[in-house]
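Thanks, everyone. Let's walk through one chain together. Please have a look at it first.

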Amino acid sequence: MEPLTVAGTLDSLSEIAKYVMAAAAAAGLDKKTSYRLRLAVDEIATNIIVHGYEEAGREGIVVCQATLADESLTITLEDTGEHYDPTKQALPDDMDLPLEQRQIGGLGVYLTIQGVDRFTYERVGERNRNIFVVNRIPSTASK
């Protein structure tokens, strides 16, 4: 698929979501997998926009690229916001506590990592690159 380039603003989130869902449909992903991928991408895209651009007083773009392979769908988000590696964030250690006793924050990155088959981060020059991979179910497995 052609990459999608959008402004690094919250108004762009719906366009990113539509792009991800179109890629998921092209990959033949089931509804649950598609939703989990969209949720994961949305969480990181929101963090890029809010923390990497808005809170940092910066402007920029977000480039979303879908790559379809025989066995997987890869979504890559690339931005020029503040350097931020979500894989370095500590995952919540209070998941066994009742909701009202848990710390606020950190759950989005946890959901991102849990929602896809593989999530990686790279810093390439002055760009952040977040990579989401979901495995495709072979068509013979649906029988």
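A quick term before we start: contact means heavy atoms within 4.5 Å. Keep in mind that this is a predicted model.

Now take Leu77. What does Leu77 touch? Leave out residues up to four places away in sequence, and the list reads Val41, Ile44, Ala45, Ile48, Val62, Val63, Cys64, Asn128, Arg129, Asn130 and Phe132.

Leu77 also belongs to the largest nonpolar core, which has 28 residues. Leu77 is among those with the most contacts inside it, along with Ile16, Leu37, Leu73, Ile75 and Phe132. Who supplies this core? At least two residues each come from β1 (4-7), α1 (13-27), α2 (31-54), β2 (61-68), β3 (72-79) and β5 (127-135). Helix α2 gives the most, with eight residues.

Step back to the whole chain. Count three helices and five strands. Along the sequence, the pattern runs β-α-α-β-β-α-β-β. The chain has 143 residues, and 37% of them count as buried. Look at contacts with a separation of 6 or more: 62% of these join residues 24 or more positions apart.

Asp79 is buried, yet has no salt bridge. Where is the nearest side chain of opposite charge? That is Arg123, 5.8 Å away. A salt bridge needs the charged atoms within 4 Å. The side chain of Asp79 does reach the backbone nitrogen of Gly81, at 2.8 Å. Beyond four places in sequence, Asp79 is in contact with Ile48, Tyr53, Ile61, Glu126, Arg127, Asn128 and Asn130.

That's my tour. Thank you.

Key:
Residues are numbered from 1 along each chain as its sequence is written. This is a predicted model: local features need pLDDT of at least 70, side-chain atom pairs count only at pLDDT 80 or more; totals for chains, interfaces and linings use all residues. Side-chain values use heavy atoms; hydrogens and water are left out. A nonpolar core is a set of buried Ala, Val, Leu, Ile, Met, Phe, Trp, Tyr and Cys residues joined through side-chain atoms within 4.5 Å. Buried means under 20% relative accessible area, exposed over 50%, partly exposed in between (1.4 Å probe, protein chains only). Helices (H or I, at least four residues) and strands (E, at least two) are DSSP runs, numbered from the N terminus. Lys and Arg count as positive and Asp and Glu as negative; His and the chain ends are not counted. A polar contact is a pair of N or O atoms within 3.5 Å; within protein, one must be able to donate a hydrogen and the other to accept it, and residues adjacent in sequence count only if both atoms are side-chain atoms.
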